[in-house]
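Keep the model open while reading.

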Amino acid sequence: MIFDSFVLPESWRAGSPITPQMPKDAIALKDPSIVRHRDRWHLFFTMRGRTRSHAVAWCACENLDDLPSCRAEVLGNHAAYCCAPQIFFFRPHGVWYLIAQAKDGQWDPEYQAVFATTKDIDDPASWTALTPLGLERPAGEHPAYLDFWVIADGDHTYVFLTTDDGHIWRSRTEIDDFPHGWSPPTLAYCGDVFEANHVYKLADRSGYLNLVE
């Protein structure tokens with residue numbers, strides 16, 4: 001989507017890197033998903049580590065400037081590969097959802113889109129174990145499907161994903177059936193794009209905005 005004009009307010013400034021206190025095993029962090037709840041910022045992200053390549057971690061603070069003194073914790077609801085979290089509150093169920101991509105040797109296939117829930121976002125130990133969404137892989141010969149992003153309207157819940165060949169896919173389920181009952185993924189866009197598409201509803205406009213690498 002292209003806006004006719006966009007002027008960056010003079011109040012915008014470049015902040016310091018988001019660097020909470022990380023576990024000793026950490027190498028780097030990426031894939032941030034941040035929400036505001038009860039006067040605190042809750043930051044979820046992928047932690048790259050030396051002994052565990054990808055894990056989802058969390059920290060929380062009242063002010064973003066306090067992040068350097070905030071201690072990050074790895075979520076304990078999955079012991080294997082897990083990354084690219086999206087966090088949102090799903091009002092029909094009254095719980096917080098975590099959407100991610102993960103691997104588990106007991107799943108078939110072992111790599112899938114997954115979800116977890118909690119009623120208490122302040123407690124990192126309260127998240128349920130990761131459970132596959134049951135989303136099908138896009139039909140045809142495509143590279144790995146990844147970076148799952150969920151959005152809903154009044155009737156359906158949608159999940160968007162990318163494959164590393166310039167394809168963006170979309171699947172949907174009835175809002176009452178979420179987080180299960182997904183339709184086969186259909187092609188939403190094909191072009192010079194890569195990964196991590198994020199879809200938003202524009203409050204003051206009739207359309208949606210898709211941000212993608």
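Tyrosine 97 is buried, at 4% relative accessible area. Buried here means under 20% relative accessible area, exposed over 50%, and partly exposed in between, with a 1.4 Å probe and protein chains only. The model is predicted: local features need pLDDT of at least 70, side-chain atom pairs count only at pLDDT 80 or more, and totals for chains, interfaces and linings use all residues. Residues are numbered from 1 along each chain as its sequence is written, and side-chain values use heavy atoms, with hydrogens and water left out.

The structure holds 13 aromatic pairs. Rings of Phe, Tyr and Trp (its six-membered ring) pair if their centres lie within 6.5 Å; planes under 30 degrees apart count as stacked, over 60 as edge-to-face, and the rest as tilted. Phenylalanine 88 and tyrosine 97 are stacked, because their ring centres are 5.9 Å apart and their planes lie at 10°. Phenylalanine 88 is buried too, at 15% relative accessibility. Its ring also pairs with phenylalanine 178: centres 6.4 Å apart, planes at 45°, so this pair is tilted. Phenylalanine 88 sits in strand β5 and phenylalanine 178 in the loop between β11 and β12, so the pair ties together parts 90 residues apart in sequence. Strands (E, at least two residues) and helices (H or I, at least four) are DSSP runs, numbered from the N terminus. Phenylalanine 178 is buried, at 3% relative accessibility. Ring pairs join Phe88, Phe90, Tyr97, Phe115, Phe178 and Trp182 into a cluster.

## Nonpolar cores

Which residues have the most contacts inside the largest nonpolar core? They are Phe88, Tyr97, Ile99, Leu135, Phe148 and Phe178, in a core of 20 residues. Such a core is a set of buried Ala, Val, Leu, Ile, Met, Phe, Trp, Tyr and Cys residues joined through side-chain atoms within 4.5 Å. Strands β5 (82-90), β6 (95-103), β7 (111-118), β9 (145-152) and β10 (156-163) each supply at least two of its residues. The largest share, four residues, comes from β9. Another core lies apart from it, with 18 residues, among them Val35, Val56, Ala102 and Trp127.

Leaving out residues up to four places away in sequence, it touches Gln86, Ile99, Ala100, Gln101, Tyr111, Gln112, Ala113, Leu135, Val159, Phe160 and Leu161. Contact means heavy atoms within 4.5 Å.

## Backbone geometry

Two cis peptide bonds deserve a look. One runs from aspartate 108 to proline 109, with omega near 0°. Proline 109 is in the loop between β6 and β7. Another joins phenylalanine 178 to proline 179, with omega about 15°. Proline 179 falls in the loop between β11 (167-174) and β12 (186-190).

Aspartate 147 has phi of about 55°. This residue is in strand β9 and is buried, at 13% relative accessible area. Alanine 196 has phi near 60°. Alanine 196 is in the loop between β12 and β13 (198-201).

## Threonine 46

Threonine 46 lies in strand β2 (residues 40-49). Is threonine 46 buried or exposed? Threonine 46 is buried, at 0% relative accessibility. Its side chain reaches the backbone nitrogen of alanine 84 at 2.8 Å. Beyond neighbours within four places in sequence, threonine 46 contacts Ala28, Leu29, Lys30, Asp31, His54, Ala55, Cys83, Ala84 and Pro85.

## Lysines over rings

Lysine 103 lies over the face of tyrosine 81, 5.4 Å from the ring centre. Lysine 201 lies over the face of tyrosine 208, at 5.6 Å from the ring centre. A charge sits over a ring if NZ of Lys or CZ of Arg is within 6 Å of the ring centre and within 35 degrees of the ring normal.

## Cysteines

How many disulfides does the structure hold? It holds zero. The criterion is a pair of cysteine sulfur atoms within 2.5 Å. For cysteine 70, the nearest cysteine sulfur, in cysteine 59, is 3.7 Å away. Cysteine 70 is buried, at 8% relative accessible area. For cysteine 82, the closest cysteine sulfur is in cysteine 83, at 6.7 Å, too far for a bond. Cysteine 82 is buried, at 4% relative accessibility.

Notes
Polar contact = N/O pair within 3.5 Å; in protein donor to acceptor, adjacent residues only side chain to side chain.
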